[in-house]
Amino acid sequence: HRKGFISQLNYTKGIKCKFLYFCVRFCRFFVNNINEEISFMDKQNRFDGGDDSCSKDLACKSFFSLNERFADLLNGGFYYGQQRILAHELREVDTELGVQVKGSSVWRRRDLMKGHCKGDSMDLVGVEFQSTVDMIMPLRTMVYDALTYQKAYDLYNRICPVMTMCLYTGDRKWNGHRTLHKMKEIDCEKSEYVPDYPVYVV
């Protein structure tokens with residue numbers, strides 16, 4: 001039994017080591033390539049008189065617009081490196097979102113969004129690029145997702161699952177809120193009746 005336990009422990013350690021190795025390689029690859037995009041965008045942005053955060057977000061949008069890179073980002077961020085999303089399964093979708101309520105319009109634009117088609121089903125996956133910490137990111141994500149659900153229902157007359165990732169490229173640690181409940185203290189009596197909404201920061 002002891003021998004079996006030790007071999008199982010070594011196997012588990014091996015899996016963890018492989019996972020950590022993948023994470024390091026994954027981060028290094030994207031950081032190196034994104035930095036090249038950012039340096040190019042910075043030069044162009046300084047020439048045009050823009051700000052740095054805008055150039056970083058544009059560089060990320062440009063870099064991850066390729067299906068292969070987008071799929072790698074999602075597999076690494078959501079599925080711990082498992083190849084659950086393949087590049088050829090991704091489809092371009094409109095990033096413009098809007099809805100009219102009693103004569104008023106609400107419009108938003110996703111940084112990047114693609115449809116993941118597998119068989120007859122389609123998921124919608126959005127990525128928001130943040131070079132600065134946004135303290136209301138859960139609220140923003142909730143609005144983006146709600147508008148995405150509505151638009152998909154209007155187009156396809158069905159509910160398409162929506163996933164959103166926030167890719168943070170800032171220099172300091174993310175200290176923003178990660179759930180809607182964390183943005184405001186909610187009484188214990190009310191918390192079960194007030195839906196929470198998380199944001200997945202990578």
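Biologist: Why does Asp-145 count as buried?

Modeller: Buried means under 20% relative accessible area, exposed over 50%, and partly exposed in between, with a 1.4 Å probe and protein chains only. Asp-145 has 4% relative accessibility, so Asp-145 counts as buried. Bear in mind that this is a predicted model, where local features need pLDDT of at least 70, side-chain atom pairs count only at pLDDT 80 or more, and totals for chains, interfaces and linings use all residues. Residues are numbered from 1 along each chain as its sequence is written, and side-chain values use heavy atoms, leaving out hydrogens and water.

Biologist: Happy with that! What makes the pairing of Asp-145 and Thr-164 a polar contact?

Modeller: A polar contact is a pair of N or O atoms within 3.5 Å; within protein, one must be able to donate a hydrogen and the other to accept it, and residues adjacent in sequence count only if both atoms are side-chain atoms. The side chains of Asp-145 and Thr-164 are joined at 2.5 Å, and a polar contact of 2.6 Å joins those of Asp-145 and Tyr-197. Asp-145 itself lies in helix α4; helices (H or I, at least four residues) and strands (E, at least two) are DSSP runs, numbered from the N terminus.

Biologist: And why is Met-135 called partly exposed?

Modeller: Its relative accessible area is 39%, so Met-135 is partly exposed. Met-135 is found in the loop between β5 (121-130) and α4 (137-156).
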